[in-house]
Amino acid sequence: MSGDSTEARFWAVAEPLLADATVTRSTMMGLPCLRADGRFFASFDRRNAALIVKLPASRVNELMESGGAEPFAPSGRRFREWAAIGSGRPETWPALLREALAFVAAQQVSDS
């Protein structure tokens, strides 16, 4: 699948989340992404056609150990609360997007 059609799949999976008034389209490091109340929670990495999601570090480790994700490490530095899920696992994208949204929403509440 080409990067363009995989990116289209990212936006198709993200579309239901955009119905939430707190969720907006944006860019992060030049990549298309989603924000909730201004906080990044998901992105699409065009370089490797992967969904990038923000989750608790323990959940990211669990996904990596099970083979369900790779570390997100732009420029060689791993972001411990971010996981990259390849385009070969699109069935997992909707649930992981919802999980990432819930994670950043909970952080927003705890910060107030």
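## Basis of the description

The model is a predicted one, in which local features need pLDDT of at least 70 and side-chain atom pairs count only at pLDDT 80 or more, while totals for chains, interfaces and linings use all residues. Residues are numbered from 1 along each chain as its sequence is written, and side-chain values use heavy atoms, with hydrogens and water left out.

## Overall fold

The chain has three helices and six strands, with helices (H or I, at least four residues) and strands (E, at least two) taken as DSSP runs numbered from the N terminus. In sequence order these elements follow the pattern α-β-β-β-β-α-β-β-α. The chain is as compact as a globular protein of its length, because its radius of gyration of 13 Å is close to the 13 Å that the globule rule gives for 112 residues; the radius is taken over C-alpha atoms, and the rule is 2.2 Å times the number of residues to the power 0.38. Along its principal axes the C-alpha trace spans about 40 × 30 × 25 Å.

Buried residues make up 41% of the 112 residues, where buried means under 20% relative accessible area, exposed over 50%, and partly exposed in between (1.4 Å probe, protein chains only). Of the contacts in the chain with a separation of 6 or more, 50% are accounted for by residues 24 or more positions apart, a contact being heavy atoms within 4.5 Å.

## Charges

The chain carries 13 positive and 13 negative charges, whose mean positions are 3 Å apart. Lys and Arg count as positive and Asp and Glu as negative, whereas His and the chain ends are not counted; the place of a charge is NZ of Lys, CZ of Arg, CG of Asp or CD of Glu.

Glu-7 lies in helix H1, which covers residues 3–14, and with a relative accessible area of 13% Glu-7 is buried. Leaving aside residues up to four places away in sequence, Glu-7 touches Pro-32, Phe-44 and Arg-46. The side chain of Glu-7 also makes a polar contact with the side chain of Arg-46 at 2.8 Å; such a contact is a pair of N or O atoms within 3.5 Å, and within protein one must be able to donate a hydrogen and the other to accept it, with residues adjacent in sequence counting only if both atoms are side-chain atoms.

Ala-8 is also found in helix H1, but is partly exposed, with a relative accessible area of 44%. The C-alpha atoms of Ala-8 and Phe-44 are separated by 10.0 Å, although these residues are 36 residues apart along the chain. In helix H3 (residues 93–111) lies Gln-107, which is buried at a relative accessible area of 19% and touches Arg-39, Lys-54 and Glu-81, not counting residues up to four places away in sequence.

## Loop residues with positive phi

Ala-49 lies in the loop between strand S3 (39–45) and strand S4 (50–54) and has a positive phi of about 55° although it is not a glycine. Ala-49 is buried, with a relative accessible area of 10%.

Ser-75, in the loop between strand S5 (70–71) and strand S6 (82–85), has a positive phi near 60°, again in a residue other than glycine. Ser-75 counts as exposed, at 81% relative accessibility.
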